[in-house]
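Hello,

Here is the structure I promised to pass on to you. Please have a look at it first, and then read my notes below.

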Amino acid sequence: MPTENELLSNVDALLEQVAQDDLPPPAERRRLREAAGLSQAQIAKALDTRREAVGNWEAGRTEPRPPQRAAYARLLEKLAERFPAPEPEAPGEPAVPETFTAVPAPETPAPSAPAAAKPPTRPASTTATRPPSTSRRPGAKKAAAKKTTAAAVDPRFENGPLAVIDADQDGQVSAYCVGGLVLDVPAKTIPALVDWTLTEARLGQARLHRNGRDADPILVLTATALERYGLPAALSEEERRHGRIADSHKVVKQIKRAGLQLTQRGFGPWARVYREPEGSKRRCVQLCILPWNALDAREWDKKDDPQLPTMHPADLARYLGLYAARVMTPRGTTATTGLELMVALRPPTRAEKDEATGEFKRAFNDDALTALYPVVECEVPDEHPILKDKFARHHLRTPAEMLMEEPYDWCRPLTDEECMNQFLVTVDINMSFAAAANSLTVGLNGPTHLKNNPKFDASLPGSWLVDLSHVDLSRVQINGRTVDGERLPSPFTPKGDRPEGPAWYATPTVAYAVELGFDVAPLEAYVRTQTGRYLDAWYKRLRDAYVATMADLGVTTDLTGQEFLDAMARSKQVDPTMALLATAIKATAKGGIGKLRQRSRGQVPYYEEYPALKRETWRPDIRAAVLASQRIGLHRKLMKTAAAADLYPVAIGTDAIVYPSPGPSPLDVLPHTPEGKPVPGTFRLGVSPGMVKHQGTQTVLWAEEQFEEHGAVFNIANLIKTDQSAGEGE
């Protein structure tokens, strides 16, 4: 007869076998690993297998085999205990979709008032007894799992990335979260509000990259909340100049007495209030103060008809919550957020285990911007400290002294034949700077100076001093057809003029001259030898956000021709909040690229160091490469359009192209094949980045009146807008 120990051993063996045969599904395996902050390489090393094997297990392509299977099952079991899956929705409680056209009111329907009307007040409580601070307000919807990926919502941030803080007439404060969730806020002061957010609110956003960090929760304070917490309704002129309230203000004193700290920027429109971290856990809350112009109308709103000041807190939470879900939690201006998104998707450092000590240490990632490097004189703006005493005070640097990679600003007079057309139709490229960043190879390390007539290498990003004045595009062959280059702008200068001598160009510009069949002979260059597609993930994130938002407005990627034009015409009236979101996403793309070469803000003395120069992401060479790629890509399509249809633009403003047309629609002018499809390589109507939409139409007579009034070089591309907000932020 077997002993009791032998029987127990047999049972343990069966239980172990059951555990091995009952691995969680592939998606759950990945969720557990990411929730624990572990990489596939770390798990592979612990299980003595290859990283690719762990990736296959998480994708469901293969299953682990003994002896790794038992160890992997035990790891997942322990992780599941620490990071349980979120609870499913209760029966009969419908899940809130990722996007919806109306925000469910917490208790009573929000009144639909025009923009100029008084903003709706927060719904009053239906109970006489104040509920616990962490309870949901009666009648409010339960927070739904807003999924942008297959991964489940992180339980630490189950209430979303942010909340809008509003107070009613009785002084009761509520936090409006995403999905219609409303929380009662017991805090009587700003320090108490911060501590409540850190301990009970469950706000924040999980990191976008395994080596990054979680986003701090954001509280958006409305005018009633400012009054409730003793903050001024508006900043004085002196406070606006300094960008914050005085340190002697009672709220700032409350923060200091509570043991909280402010960043060096102080208590301004975007204030960060924090406690010292607990180990590796940050304890920081960001305050977005709406009445202090934290959300600038030029980026987050309609500047001619602001909506945010009168927007209901639930609508505002929906707007900013969707932005956070599709882009990232706002960090200030859209430009600042665009730059922070680059860092969030390409973190400079990671934790790496030291084999000798067994402890983790900081290591640098090869695909990121990790350090400050020496700058190049030709790449920096005029006020950079490195240029001090280099030129006379009011000297204008020439193309041979400065890298002038900028978008087009070009216009020419119409020919007699073009004047026979009745209309001028303007098409605008969707998110042109973001599209130009796609698949672009940029430098990740410092510059290497190449002297003595180096040979041009298109694989090396950087700046090249080269003479392209010999490039003659007056009669160029494209696809076997001759193009009249005199009616096109030069691809080598923003103004479209032919170069007059040696000048500095980014690699994409010189590579285009080679592509056209011309010889180039650089005199010198500054190149980067460590390269990568740093902006690819950034572009894809913004592309997906824009396409998803436009789909919510009824403009989908499968629409073509007149269907697309009709959908775009209706999109502004479908959902005003989603229209604001689309504008903010476009501004994020444009502003993020601009931040790579942020200029000074007029400080004195002129050549003083300014804070942006201390960022690893202050990289004017990368900005120049993106702008060069945008301009060259545009010129390439101009050439192919001219070859296909003998069609030439009369003006270009950044990414808006004006064509003479017999009819008022882009369909009347853009070339198509006999089957009705766009000619390959030409401009194509569509919603995706890089494709074009209709910006506006004017008559040729109107254009001649503008030229007569302002001169022949006046750029009419900037004025032809059926919708005056069209093209902004791109």
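**A salt bridge to start with**

The side chains of glutamate 406 and arginine 623 come together in a salt bridge, with 3.0 Å from N to O. Glutamate 406 sits in the loop between strand S9 (360–364) and strand S10 (408–411), while arginine 623 belongs to helix H18 (residues 620–645), so the pair ties together parts that are 217 residues apart in sequence. How covered are the two partners? Glutamate 406 is partly exposed, at a relative accessible area of 25%, whereas arginine 623 is buried, at 12%.

Before going further, please keep in mind that this is a predicted model.

**Other salt bridges**

In total, the structure holds 35 salt bridges. Another of them brings together the side chains of arginine 412 and glutamate 418, at 2.7 Å from N to O. Here arginine 412 and glutamate 418 are both buried.

A further salt bridge joins the side chains of aspartate 472 and arginine 498, at 3.9 Å from N to O. This pair links distant parts of the chain, 26 residues apart: aspartate 472 is in the loop between S14 and strand S15 (475–478), and arginine 498 is in the loop between strand S16 (481–484) and strand S17 (502–506). Aspartate 472 is partly exposed, with a relative accessible area of 35%, and arginine 498 also counts as partly exposed, at 44%. There is a network too: Arg213, Asp216, Arg272 and Arg282 are joined by salt bridges that share partners.

**The protein as a whole**

The protein has 19 helices and 22 strands. Of its 730 residues, 49% are buried. Among the contacts with a separation of 6 or more, 71% are between residues 24 or more positions apart. The accessible surface comes to about 35,100 Å², and carbon and sulfur atoms account for 51% of that.

If you go looking for disulfides, a search of the whole structure finds zero. As for individual cysteines, cysteine 177 counts as buried, at 3% relative accessibility, while cysteine 419 is partly exposed, with a relative accessible area of 31%.

**A helix worth a look**

Helix H12 (residues 334–345) has 12 residues, and from its first C-alpha to its last it reaches 16 Å, close to the 16 Å expected at 1.5 Å a residue. Is H12 mostly covered or mostly open? It is mostly covered, as nine of the 12 residues in H12 are buried. Among them are Thr334, Gly338, Leu341 and Leu345. And what covers the buried residues of H12? The cover includes helix H10 (297–300), helix H11 (313–326), helix H15 (536–552) and helix H17 (576–595).

The mean pLDDT of the protein is 85, and 86% of the residues reach 70 or more. Where is confidence lowest, and where is it highest? The lowest is in helix H1 (residues 4–21), with a mean of 55, and the highest is in strand S14 (residues 462–467), at 98. Please also note residues 89–151, where pLDDT stays under 50 and the model has 110 contacts beyond four places in sequence. Residues 724–730 are likewise below 50, and this stretch has 20 contacts in the model beyond near neighbours in sequence.

How values were computed. Residues are numbered from 1 along each chain as its sequence is written. This is a predicted model: local features need pLDDT of at least 70, side-chain atom pairs count only at pLDDT 80 or more; totals for chains, interfaces and linings use all residues. Side-chain values use heavy atoms; hydrogens and water are left out. Helices (H or I, at least four residues) and strands (E, at least two) are DSSP runs, numbered from the N terminus. Buried means under 20% relative accessible area, exposed over 50%, partly exposed in between (1.4 Å probe, protein chains only). Contact means heavy atoms within 4.5 Å. Accessible areas come from the Shrake-Rupley method with a 1.4 Å probe; for residues, only the protein chains shown count as cover. A disulfide is a pair of cysteine sulfur atoms within 2.5 Å. pLDDT is the predictor's confidence in each residue, from 0 to 100. The expected span of a helix is 1.5 Å times one less than its number of residues. A salt bridge is a side-chain nitrogen of Lys or Arg within 4 Å of a carboxyl oxygen of Asp or Glu.
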